[in-house]
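This report describes how two parts of one protein chain meet. Please consult the sequence and the structure shown below while reading.

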There are 2 protein chains.
Amino acid sequence: MTPEHGPVGLTELPIGIFDSGMGGLTVLRALRERLPQERWLYLGDTARLPYGTKGPETVARYAVQAASHLVARGIKMLVIACNTASAVAMPRLSKEFTSLPVIGVVEAGAMAAINASKSGHIAVLATESTVRGGTYKRAIQSQRGDAQVFSQACSLFVALAEEGWIKGPLVEAVVREYLQPMLEEKKRQGLDCLVLGCTHFPLLKDTIAHVAGPGVVLVDSSETVARAVEKFLHQSNLARTSGSGDAHFLATDSAERFARIGSLFLGEPVNLQDVELVNL
Amino acid sequence: MTPEHGPVGLTELPIGIFDSGMGGLTVLRALRERLPQERWLYLGDTARLPYGTKGPETVARYAVQAASHLVARGIKMLVIACNTASAVAMPRLSKEFTSLPVIGVVEAGAMAAINASKSGHIAVLATESTVRGGTYKRAIQSQRGDAQVFSQACSLFVALAEEGWIKGPLVEAVVREYLQPMLEEKKRQGLDCLVLGCTHFPLLKDTIAHVAGPGVVLVDSSETVARAVEKFLHQSNLARTSGSGDAHFLATDSAERFARIGSLFLGEPVNLQDVELVNL
């Protein structure tokens, strides 16, 4: 099932989604719920995941390779579902693919946080690399200069989500350990918004919400990016208006693992025959 | 500090150690304690870690690239400190580098387990890929046909070790969750030996030993590989007999992270200026 390369209208082309692995399938899930008629071409760079612990130059290079591959297959727009790539590679991608609309999870998440927070005290939970890069902080403060952004790297959340350990006392204990400093900020500074700044984290959403307690709005970047894509498609007349949507998956390693773990993130089975191995 | 390429005797050359990341530094630590006069050239393929979730073909290809790089710099022998690479790439490495002595952690760990177990019921804790590959099981059963090998993938242990969470109630709860099936085997079958089949796991050794309880011998492959290297050097007259040893580090990404997290695994500071970035 290869997307057509022929003289189809631009609207008929799939939307490319790129992530370092399977986490971005939480974004695809939100996108499909909101835009069921669209066609999707998802690329997970599973051979080189995780991006969260790699240097910015390396991640930017990988993102350009992935985008090139998707563009060569024909896409009408590109969603960077990977927070790390969105955080470090957006300027490079915009420069190298000037005519391609690109939406990244970081920008969408930052906007949603600004809209959700009354106090301006916002927490971002992310991978080590996203936190170190400080991109959510910059993206939020560029829109609201007086915002106070409290960032917390939660490295274990990725492993928990991939293991399918998403609730129960053990998971709650891990979440509590990471959220402790944030909870003190809540008490002291009226922190009222928490951004799930990694695509793996929505799987732990219920537990995170429970630990964060009342008075804290959770921003799930998969939902916010889906809204941003919907808005863009309608504004630019690129939305597909008929037919039923479909999805095709590309992975750079281990199609079997992609299908197995990916089903957790997509919330429905990923069929092994829909996963194509590619070399970037 | 580049190893000499000139006409030095073979004994003066460093010993190459290869791992997917920093975990192999637990092996280097054991090696340096046992062989303080040797020189070490450690390569961590940090840009592509972890190997534990990647396919065997990919891992074998990476291992050959890493070995080629170390051989080009001049080494007298090679230690595969990465369990995943040792599990899947040893045949390829032996074929491509016929004159280079290669010792892998899996073989060393398997031998130690056979010697340690009275009942022949042995547990192996490892990454998902090592468990799926079944290599420890094969390596153990090839030496002792009647051995019963019980394997358990403990994906979260890697994240715990890298986070520096190595003891306390939370860590114990995670260890207990993974060891539960093994503990039932202990009760039912007299399982009496537990192999730490991933270089990250020795950091959690105390907690694992506590949960495993009395009557279970822990085999730490970093120690067993160090003994195997010592034995080989003496048998082949390749041991360095004078001078003080040293270590030089190569990483494929993020020298800063290598030095920072690496210090946890090496048990002493890794200086940033001793870490050289390389491209494989």
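## Division into domains

Domain bounds here come from an automatic or database domain assignment. The structure is a predicted model. Chain A is divided into domain 1, which covers residues 10-104 + 224-277, and domain 2, which covers residues 107-221. The C-alpha centres of domain 1 of chain A and domain 2 of chain A lie 23 Å apart. To the contact, domain 1 of chain A contributes 22 residues and domain 2 of chain A contributes 22 residues.

## Buried area

The size of an interface is often given as the accessible area lost when the parts come together. Between domain 1 of chain A and domain 2 of chain A, about 1600 Å² is buried, and carbon and sulfur atoms give 54% of this area. Within domain 1 of chain A, the residues that lose the most area to domain 2 of chain A are Asn83(A), Thr224(A) and Phe265(A); together they account for 35% of what that side buries.

## Polar links and contributing helices

The count between the two domains of chain A is 1 salt bridge. A salt bridge joins the side chains of Arg257(A) and Glu162(A), at 3.9 Å from N to O. Across the interface of domain 1 and domain 2 of chain A, 10 residue pairs are in polar contact.

On the side of domain 1 of chain A that touches domain 2 of chain A, two or more residues each come from helix 1 (25-34), helix 3 (83-96), helix 10 (221-235) and helix 11 (255-266) of chain A. Helix 3 of chain A gives the most to this side, with 5 residues. By class, this side of domain 1 of chain A has 9 nonpolar, 10 polar and 3 charged residues.

How values were computed. Residues are numbered from 1 along each chain as its sequence is written. Chains are lettered from A and ligands numbered from 1 in the order in which they are written. This is a predicted model: local features need pLDDT of at least 70, side-chain atom pairs count only at pLDDT 80 or more; totals for chains, interfaces and linings use all residues. Side-chain values use heavy atoms; hydrogens and water are left out. Contact means heavy atoms within 4.5 Å. Buried area is the accessible area (1.4 Å probe) that two parts lose on being put together, summed over both. A salt bridge is a side-chain nitrogen of Lys or Arg within 4 Å of a carboxyl oxygen of Asp or Glu. A polar contact is a pair of N or O atoms within 3.5 Å; within protein, one must be able to donate a hydrogen and the other to accept it, and residues adjacent in sequence count only if both atoms are side-chain atoms. Helices (H or I, at least four residues) and strands (E, at least two) are DSSP runs, numbered from the N terminus. Ala, Val, Leu, Ile, Met, Phe, Trp, Tyr, Cys and Pro count as nonpolar, Asp, Glu, Lys and Arg as charged, and the others, Gly among them, as polar.
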